[in-house]
Structure formats: structure tokens, C-alpha cells
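Hi,

Here is the structure I said I'd pass on.

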Amino acid sequence: MDINLRFFSRLNPWLNSLLTSKATLKTEADEAQKGQMSLKTIANQYPLQARRGPITQVMLYQSLYASDDFVGREKQLKQITDVIKQWRNHHGEISAIVSPAGAGGSSFLGQLPPLLQTIIAEDTKKAPMPDVKPLPSKWLLMSFYQAPLGANDAIAHVCYCFGITPPNTITETIAAINQQPPQLIMIDDMHKLMLRVMGNNRALVTFATIVMETRKHHCWIISCEIFAWQRLSAQYQIHHFIKHVFQLDYFSETELATIQTKHLLDLGLISNDVMTKETATAADKNTKKSTAQQAEQTNNNQADIVNPYKDQLKQLYTISQGHPKLASLLLQYSLAHQVDIGSDNSSNSRSNSRSNNGIDICRINSSVLQQCQDNDLFSLAEIYVHGGLRVSQHAHIFVITIEQSSLQLEYLARQGLIIAQYSQQDFAEHFYFITPTLSKIVASHLVNHNKLFN
């Protein structure tokens, strides 16, 4: 089967950022000939503007991560709807969305604003109920980019969320927040509030107290990475204070295939007929047919529509284990390097990657992780759990000098395991983090080597 080459014009922007130097070209060509993609190549796809942007403490978003291509999560969306209903009926409790890094927790939060609009639209069709809290027109979404240190910092950050001047005490803060109009508040990246640095324990307790004492008036929903959640549960018993915990995981094979089929459609590699079939198939699995006749008619209409890339979609799921961003990157990289992959005729490098239509999917070369010493792995574990660390924070946690931390973190960055966001004023403020596409690969290795615990 011939490849539809229209997708190359659409891959150009991605290729320009990928192939940045002759040295990079040679390295990636060598990898591709072996049917592999290195962790450094994966890490280098993180947007440059996100790496080089200013380091800020707290960010407010009007609308974030919203997408028309959202897939699955029907059960969790229904659970959130029930939470809002209970809060409106004066039974407000804190809710948490717990997911592994890169599984789409932030994207899920991005679906709550349209969910709110749906609830508001349904309300307009019903008779008003006097005892039910009115819904605000918008969600308030906040993400702590770096953890606050100390109670005053925590108070200032939460007050910034509401646009009020920070009071002098936590009691006054709680009273002031409860005087604000009822809000639906989403806190993204809760794990970034938990840092094992002097003072942060007090900041975390202060923040948790404010949320607890305002939960009846405001509807709080937090999002947290699963390993950080386990640590919060063990050290702070946070699960005793949060009543509703909803878990997200990486996507199933069917869900991931739906996502990647949309990418293939955007690249012009498949037709709209295949996309229609994929969507209908997913809908059939989530909706019970009223009669057997309807199901038979649907099957007859779609029986002759087959996704020509179904083998690649299965391979993408096997390699990525349902990680959506990693699967997308593997697909793009593999399509862009078919010539390099095809230039090696040895059967060893192409043993299981060649499919019926002649398109290969690269494997992941994670050998650099095997070369890491225990101190490297412990550093990766702390960076992973906290969503990133500054050099000074890393030095504090491991009780080493700033210079030693700087050298170790820069070594990990050169290996492609973490990304650096450099401060222009002080090298101790350089910020290092694991990119979303590498999150599952790194976490799995850390778990297997007893540096993270399920």
C-alpha cells in the first residue's frame, strides 16, 4: 500500500523543531535506522517557549486545556456532576482527581467549564429551586507552579485566587473567602504544593485548612499526581479530609486508537469514513442499543470500512501503554523517519515493527536509564513527585551543596531525562522537570527499581 504523502507538508513545523542541527540529524538518523527513538529526542520535543519562559509562582487561567477532541472519562464526568449537585444542595465536600503524570488530569479539568455550561443550560429549562445554590457562570482554575514556603505565602496565593488583599491571619483569611460569592474552584497540580523543604509543611497545612473551612461555601476540586497523592496520604493523611476521590488512568487501547486516528486524519493519511467508523464504534461500546436490529444495521453499514493503520495503532498502544502524548510523538517521529528506518535492511532492527502497509513504528531506547546510579534515580523520583525542583530545593532535600546539585541536575538534563528552565539571575533558581511524554517511562523505571512505590 502506498503512503499518502500529503502529511509531509503538515509535519514540516514539527520537523523544523525536531531537526535543529547536523549533529542532531546524524544521531536521530542512526537511531531511526535501528528502529528506535531515544529519551533525549523525546525530551527535546518539549516546546522551547515553555522551557525558556519566566519562572512565576502562581498562574490563573481563564480557560485551559479545553479540547474538542476529548475522549472517554464519562464515568468521572458524571461523578463530578454529582459532586456539584451535592454542593448546591449544601453538602459540599472537597474532591480530588488522582492520575499518573501525563494521563490527562489537566485535560480533564479543561472539560469542566463546558460541563458547567451544560448544567446551567439544563437549569434554565427547569423551575427555579429556592434552596439550591446558584451556579457561577465560570470555573476558577488555578495552578501553583512552584510550592509556597510558609503560611503567609500560602495565604497570599489563595487570596490571589479570589482577587482579595491577604489578611493578617488565617482566621481572617477564611472569613474573607467565605464572604466572596460562591465559586467553583479547580486547583491543578496539587502535588507542586508538597515540597520537602523547611517551611513548606506549614504552607501545606495552612492551604489545606483554608480549603477545609470554606468547602461548604465554595466547591473545591483538586488534581494531584498519583505518587504524590500516596505520599500525602502517608505523611498527612489527606485522604481523611477529602471525601470524593476520582481516579484517572492512561487510555485503553480503543480510546488511544480513537485519539491517534484523529491525528492520522489531520495528516491526510486516512479518510473521514474511517474516522466516522472509529467514532461510531466507540459510541457503540458506551451506549446500549435499543434493539438487535439497530446494531445489525450499523455493523452492515461499516463492515467494509477498515482503518489501514490498525497494526500501527496496536503497536503504539503496546509501546506507550496508553500514554496519549507519547503515542502521538512516536507516530509523528516514525512517519517522519520512514526513509531512515527503511535504509537498514537488517532483520534484527526491523524484527517486529514492519506492518502490512509498509509503515514502521519506532521503539523507545531507554538504555540511558539503565546507566543511572542510585543517586540519579532518587533525584529523578523527587523531581517526578514534585513536578519539578529548583537547584536550591534539590540541594536542601539531599543535604548537598548548591554546586553539587547543579552538576547532578545538569548531567541528568544532558542525558535527556529532565528539562531545564534557566534563571537569568541565579543558577540556584534553575528549574528542572520531567516532560509529560517521558513521565510514564521514567516512573515505570523508578517503580521497578524501588525508588517509587505503588
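Let's start with Arg-73, which is found in the loop between β2 (58–61) and α5; helices (H or I, at least four residues) and strands (E, at least two) are DSSP runs, numbered from the N terminus. Arg-73 has a positive phi of about 65° although it is not a glycine. It is also buried, at a relative accessible area of 8% (buried means under 20% relative accessible area, exposed over 50%, partly exposed in between, with a 1.4 Å probe and protein chains only).

Before going on, two bits of housekeeping. This is a predicted model, where local features need pLDDT of at least 70 and side-chain atom pairs count only at pLDDT 80 or more, while totals for chains, interfaces and linings use all residues. Residues are numbered from 1 along each chain as its sequence is written, and side-chain values use heavy atoms, with hydrogens and water left out.

Val-399 is another non-glycine with a positive phi, of about 55°. You'll find Val-399 in the loop between α20 (391–398) and α21 (402–414), and at 73% relative accessibility it counts as exposed.

Next, strand β3 (residues 95–99). 5 of its 5 residues are buried, so β3 is largely enclosed by the rest of the structure. In a regular strand the side chains alternate between the two faces of the sheet. Here both faces are covered: Ser-95, Ile-97 and Ser-99 are buried on one side, and Ala-96 and Val-98 on the other. β3 runs parallel to strand β6 (residues 219–225), joined by 5 bridges (two strands pair if DSSP finds at least two bridges between them), and Ser-95 stands opposite Ile-221 in β6. With strand β7 (residues 244–247), β3 pairs in the parallel sense over 4 bridges; there the bridge partner of Ala-96 is Val-245.

There is also an open sheet of 3 strands, with the order β9-β11-β10 and antiparallel pairing. Its edge strands are β9 (389–390) and β10 (419–421), each pairing on one side only. 3 bridges join β10 to strand β11 (residues 431–433), and Gln-421 is opposite Phe-431 in β11. Ser-423 sits in the loop between β10 and β11 and is buried, with a relative accessible area of 14%. Ser-423 and Arg-390 are 33 residues apart in sequence and 9.8 Å apart in space, C-alpha to C-alpha.

On to helix α10 (residues 200–214). Its 15 residues, at 1.5 Å a residue, should span 21 Å, and the end C-alpha atoms are 21 Å apart, which agrees (the expected span is 1.5 Å times one less than the number of residues). The buried residues of α10 are Asn-200, Ala-203, Leu-204, Thr-206, Phe-207, Ile-210, Val-211 and Thr-214. They cover an arc of only 165° around the axis, which puts them on the same side of α10 (the arc is that of the directions from the helix axis to the C-beta atoms).

Cheers
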